[in-house]
Amino acid sequence: MPSVTAGGPRLLLRRLREIMAEPSSAQTRLDKLVVLIASIMVAEVCSIYLRRAGNALELFATEGLNRSAVHNTRMRQGEGLVGLVAETAEPVNLSDAPSDPRFAYRPETGEDPYKSFLGVPVVRGGQVYGVLTVQNRAARQYDEEEVEALQTVAMVLAEVVAQGGLFDIAELDEPELRADLPRAFRGDGLSDGVAVGFVVLHEPRVKVERMIADDMAAELQRLDTALGELRGAVDVMLESSELDLTGESREVIEAYSLFARDQGWQLKLRDAVKSGLTAEAAVERVADELRLRVTKSGDAFLRERLHDFEDLARRLQRHLGGETTPQDLPRNAVLVARSMGPAELLDYGRDRLQALVLEDAATTSHVAIVARAMGLPLVGNVRGVVDNARGADQIVVDGETGDVQLRPMPDVIASFEARRSLRQQRVAQMAAVRDLPAITKDGVHIRLMMNAGLLLDIPQLQESGADGIGLFRTELQFMIGETMPRLADQVEFYRRIIEDVGDKPVVFRTLDLGGDKILPYGRWEREENPALGWRAIRIALDRPALLRYQIRALLTASEGRVLRILLPMITDVAEFNAARALVDRELERARLLQLPQPRQTLVGAMLEVPALMFMLPQILRSADFVSIGSNDLFQFVFAVDRTNTRVAKRYDPLNPAGLTLIRQIVRSAADAGGDVSLCGEMAGKPLEAMALIGLGLRTLSMQPANIGPVKTMIRSVDTRELSEFLEKLCGRTDHSLRTRLTAYAAERGIAVK
Ligand code: PEP
Ligand code: MG
């Protein structure tokens, strides 16, 4: 039975190093490598496939297959078992490969006699460079040790490829790279502001010169020393950050410093060194493994942890190399990166930085929280920007719309400059309307509330002139921490919000978890349809302790005031009543124990599930108020996944069905004498808000930046005329009523831009 020969992995690495050190061509080294691996792994075949332009995988070297196939056999991405390894970036280990449906037979290779197959990806920096395989005649499953050994070799192989000489590595990116042409991207605006500047590629990758260790004990010592230095440096950074980090941004950095002490991470690093790698190569390997695992899981929260660990890994690499100062920035720098940890951003400082563009970042990303605290424009989720950008390229960034343009034409720059001054004007205009009432021409008062989720958002209440917080998404606070906030922490957090908000009302929505909002702690099962799955109130009722603790904290923090609680994703009245009973139980407990309590407790339901629309009169007998969550409601009504860019904008809420639906809700609530408002994204768009007011809504909650423009619109409409117009629109059959509404506004000089 074949298996790695005794002392195999170590021997393999030692021999590998000798081959790597030879002054021969890269191809010769590959040819020797396959012979070596085949003999040490006791395999009849060993082959190396490398990725070429267009993602084809070309056979570059083989021991055991027909030599004539070298440089002739090419597999498409995803084709055959080799393609499968490249596509999934996972090992494939089969005892009877030819009977596997994914096996693609290539007669020119002469591989028919070989039954067992083990293929591992050749990965570096999260990119698959190729596939390394071994095959045996006998049907057998390769054991864990063999898989591990082949993966270690693949890592060394990745370095050989990266060092070049085999082919021009740049060709892998060729189809994408049109170096001189302008390129436009659209990502998510995560931190507001417009910037015009020059690309600085955040190239934190430290080139690993030495992969295989000469002396394991010495490497372990180097690793420990560097880890110690790293921890010290992170603490110093935490203490001496020029930015006055408070609230969430401080928590984020504190969580980061905990990661620097993570035992699991340190253990993995040590194990990698013990397998024969240098400390630098071990850091690289552990980071690569983590990156692949996280990418495969597609989990947004693991991804956030990954950014922190990658940030730490790069820092650790620098300590190992004895270099600890970050890159110097030119003036007007716009940092472009695949991802970035919060501490890396702090390292750069605010002085010379104009903006940040990331391929991977979301609203609750740690780096986004820190960027907002620094007042730095940030666009996240910008696919492909790193491969297309070169250092010193000109770039323009709009942190509100998510627009990014590389190498823009002069008129695009001019338009961004104009946007920048428009934004400044808008800020001035917002300040001008801030203290004016939101009253229509015919004297109807509209309540304009703002949405929030972090302490960082609260100052915007004053700046925007909002009447209060119509939706406080409490889950965001739970999502940025490393552990579940304790009761005392929750009390403290809610108390600070209530105090900062002062006399204005705040509507606290209880945890709206599940779907794509997963906590970084605790165990979560992946679901086929998370939007329709175990989320929000469903979790709360199945795990009542979580909700009861949150209510307990809210009751204490609201001492002597009016507490407004909003329950997310309510589907029927019984569900609402069950949750309300938990609130009543907590109130009773507070009374019995003579604990602090609010003066009054109001409990509302979010209307996000269409079924609840048909129970509106009934729910309004149980609930003190109802808030329409139009983001979810329309996703369910139109049957479009709100996160799927392919369909998310396919149907316009401003179509006859969307408008009729809102009209129905408003009428039904009015008949029942209930209070209904809307807090989804559509409330913040002046044209949509105009339609909502025409349909009878009088309270809207939105992003604070939208309050000024919506208020300006409100001050120039007449609700009587508008509602007649909307009534007519409901009877039409247009795909979208946007054009008609825009024309209505233009004819009357109503600002809806
Ligand atoms: C909504 O669904 O409209 C809403 C406000 O909630 P969220 O966007 O947090 O799901
Ligand atoms: Mg929702």
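**View 1. Contacts that reach across the sequence.** Take the contacts (heavy atoms within 4.5 Å) in the protein chain of this predicted model between residues at least 6 apart in sequence: 69% of them join residues at least 24 apart. A quick note on the model: local features need pLDDT of at least 70, side-chain atom pairs count only at pLDDT 80 or more, and totals for chains, interfaces and linings use all residues. Residues are numbered from 1 along each chain as its sequence is written, chains are lettered from A and ligands numbered from 1 in the order in which they are written, and side-chain values use heavy atoms, with hydrogens and water left out.

**View 2. What sits inside.** Of the 753 residues in the protein chain, 55% are buried, meaning under 20% relative accessible area with a 1.4 Å probe, protein chains only. Along its principal axes, the C-alpha trace spans about 85 × 65 × 55 Å.

View 3. Strands of a sheet pair through backbone hydrogen bonds.

**View 4. Strand 1 beside strand 6.** Strand 1 (residues 45-51) pairs with strand 6 (residues 127-136) in the antiparallel sense, over six bridges; two strands count as paired if DSSP finds at least two bridges between them. Which residue of strand 6 does leucine 50 stand opposite? Look for glycine 130.

Key: Buried < 20%, exposed > 50% of the residue type's maximum accessible area, 1.4 Å probe, protein only. Helix = DSSP H or I, 4+ residues; strand = E, 2+ residues; numbered from the N terminus.
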